[in-house]
Amino acid sequence: MVDPVLPSSGLLSPLGLESVRLAPGFWGDRLALDREVIIDHCLEWMEKEGWIANFTGEQPRRGREFSDSEIYKLLEGMAWAGHPGFEELAAVVVQAQEADGYLNTRWSGDRYRDLEWGHELYCYGHLLQAGVARLRTHGEDDFTALVRRAADHVCEVFVEGTRTDGHPCLEMALVELYRSTGAERYLELARRLVERRGLPALGTIPFGPAYFQDDIPVRQARVLRGHAVRALYLASGAVDVAVETGDAELLAAVEAQWERTVARRTHLTGGMGSRHADEAFGDDFELPPDRAYAETCAGIASIMLSHRLLLATGRARYADLAERTMYNVLATAVALDGHSFFYSNPLQVRVAAPAADGMVSHAAAASLRSAWFDVSCCPSNISRTLASLPAYVATTDAGGVQVHHYTPAEVRGAGMALRVETGYPWSGGVRVRVLEGGEGAVSLRVPAWARDAGYSVHRPDDGSPGAAGAAGGQAGPGYLTLPGPWRPGDEIHLDLPTTPRWTRPDHRADALRGTVAVERGPLVYCAESPGDLPPLADIAVRQAPPAEHEADGVVELEVEAGLVTPAPDGWPYDGSPGSPAAGGSTTLRLIPYHRWGNRGPATMRIWLPAD
Ligand SMILES: [Zn+2]
């Protein structure tokens with residue numbers, strides 16, 4: 001089966017990319033953008049920056065110590081996308097491998113000397129993931145042979161001892177290679193790498209051991225902490241190990257970490273990470289909108305973790321967070337034309353700055369999207385994620401098919417074929433049409449935001465009025481399960497309420513106190529200059545129902561806001577808030593957060609001061 005994650009057990013099973021075809025629509029369009037623009041954009045920049053030529057040794061090495069991993073992530077994306085450039089790029093990598101399987105363009109001749117910062121095992125992780133993608137989309141070839149040699153080499157060197165890598169990634173890659181090849185040594189090394197971390201397994205660094213999750217063992221940790229991408233990749237690998245070894249305690253530990261992280265350390269967008277210095281999670285409720293880091297790769301890693309937990313447990317909460325993160329981090333991180341990307345995804349931008357057009361950005365926290373970065377982990381990560389996006393849309397189990405994400409698609413599973421038609425996320429109507437019938441149930445996720453807001457479902461074919469209200473059924477809370485049998489032509493109509501809603505933060509989030517945000521369906525909205533003035537620092541919004549209007553297929557909102565005047569004596573700490581009414585009122589236009597920054601330099605904010 002062609003799919004990035006293929007657990008041997010779990011409540012839900014993947015259907016495979018070949019069984020879920022995305023049609024034009026919100027995600028289908030982005031998948032096409034990836035195939036037609038993003039992959040080639042990444043390829044051109046890697047050539048330009050010399051990262052591909054590093055494998056030929058014909059020039060002095062260029063790029064950071066982990067730049068090999070970008071080529072591997074791109075190869076993975078090319079494999080899932082069926083991109084014709086795979087073989088040519090893979091051939092450049094193949095000729096660089098050393099006789100004993102070692103492969104790294106930075107550390108060749110100086111191996112495994114700096115596991116804290118060297119990223120050698122991290123690079124193997126992405127290499128193995130590219131190999132898995134090739135095995136599943138094509139089968140064995142020179143590249144997959146290279147990958148097996150590299151994996152065997154790593155097993156030989158690291159299976160004994162106490163060492164691991166500063167950047168997790170290899171864990172989940174080894175488990176996936178085990179799933180593809182059946183070679184148990186890969187699973188065993190993954191298990192040992194997960195267990196070793198926190199004993200500790202790495203040397204001292206200025207950021208401290210929590211930076212790379214080496215402060216306590218995985219199964220004892222209570223929350224995700226430290227560098228966000230590392231924490232989320234490690235947790236994903238731990239879930240994979242737990243599923244394949246039947247380790248219920250380890251799985252429960254990661255579930256508990258996920259719960260606490262979502263409850264206390266996650267931005268409204270689903271973004272994770274609050275500290276720039278070490279790209280790390282902050283303390284509980286340390287969620288500053290303007291200093292939010294929310295790296296694109298952390299969003300992607302969070303989607304990967306939630307997907308694994310969804311497959312293992314069937315709990316809708318994981319699909320809910322994945323959806324939030326897909327629409328508000330993944331979709332935000334790439335420009336509408338596919339040629340520039342966000343590295344960090346703050347919830348407020350105070351300075352309208354021009355993009356680094358055609359230049360390599362040295363600032364992860366730039367105001368606008370950049371074509372490329374000196375640390376360019378995010379663009380290739382976006383590329384491989386969009387290429388494998390159908391994997392997240394639907395699953396199967398013994399009882400039937402579950403649809404988790406609504407986007408125009410054809411889904412084949414449990415002997416049935418379904419066509420999903422919808423204008424989601426702009427409208428909440430979802431029509432599931434049965435193309436090929438069967439006996440199984442069809443389960444539809446009712447997103448958390450819709451569960452208390454009056455969704456409805458009905459089957460016109462049997463005249464049933466259907467159900468409205470609480471979702472439940474055999475697929476668990478959060479899923480609406482409609483039993484078979486189904487005949488061709490049968491339909492299910494699901495209506496999710498997309499009325500805009502005001503969202504207030506937990507009062508413990510200091511930086512957000514006194515603010516409100518607007519959400520509509522799965523989308524978080526924001527105010528953006530230019531054009532949508534007044535200055536975003538001097539407003540106080542009134543929480544009346546926002547007005548909706550559609551422009552070019554995009555739903556924008558309007559809210560009323562008062563203009564705040566300063567305190568009379570010019571000193572803002574006398575206890576009397578400025579008066580919104582005194583400064584007059586205005587209408588504030590809100591756009592979906594994922595669309596901000598596509599009209600040139602702008603300031604932006606999601607959390608708006610409340611009247
Ligand atoms: Zn990144």
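**Zinc site, cavities and pockets**

The site of the zinc ion is tetrahedral, with angles of 95 to 119 degrees among its four donor atoms (four donors count as tetrahedral if all angles lie between 85 and 135 degrees). The structure is a predicted model, in which local features need pLDDT of at least 70 and side-chain atom pairs count only at pLDDT 80 or more, while totals for chains, interfaces and linings use all residues. Residues are numbered from 1 along each chain as its sequence is written, and side-chain values use heavy atoms, with hydrogens and water left out.

The protein donors, taken as N, O and S atoms within 2.8 Å of the metal (3.2 Å for Na, K and Ca), are E295 through OE and C297, C377 and C378 through SG, at 2.1 to 2.3 Å from the zinc ion. Along the chain these donors follow the spacing E-x1-C-x79-C-C. E295 is buried, with a relative accessible area of 4%, and C297 is likewise buried at 2% relative accessibility, where buried means under 20% relative accessible area with a 1.4 Å probe and protein chains only.

Volumes are the space filled by probe spheres set on the points. The count comes to five cavities of 30 Å³ or more. The largest cavity, of about 180 Å³, is lined by 15 residues, of which P4, E76, Q129, M304 and R384 lie nearest its centre. The second largest cavity has a volume of about 60 Å³, and its lining includes Q213, R225 and Q257.

Among the pockets, the largest has a volume of about 780 Å³ and is lined by 31 residues, with V262, T266, H267, L268 and R324 nearest its centre. The second largest pocket, of about 460 Å³, has a lining of 29 residues, of which R64, F66, E279, Y343 and V375 lie nearest its centre.

Methods:
Tetrahedral: all angles 85-135°; square planar, octahedral: opposite > 155°, others 65-115°. Buried < 20%, exposed > 50% of the residue type's maximum accessible area, 1.4 Å probe, protein only. 1 Å grid on protein atoms, 1.4 Å probe; cavity = no way out; pocket = protein on both sides within 12 Å on 5 of 7 lines; lining within 4 Å.
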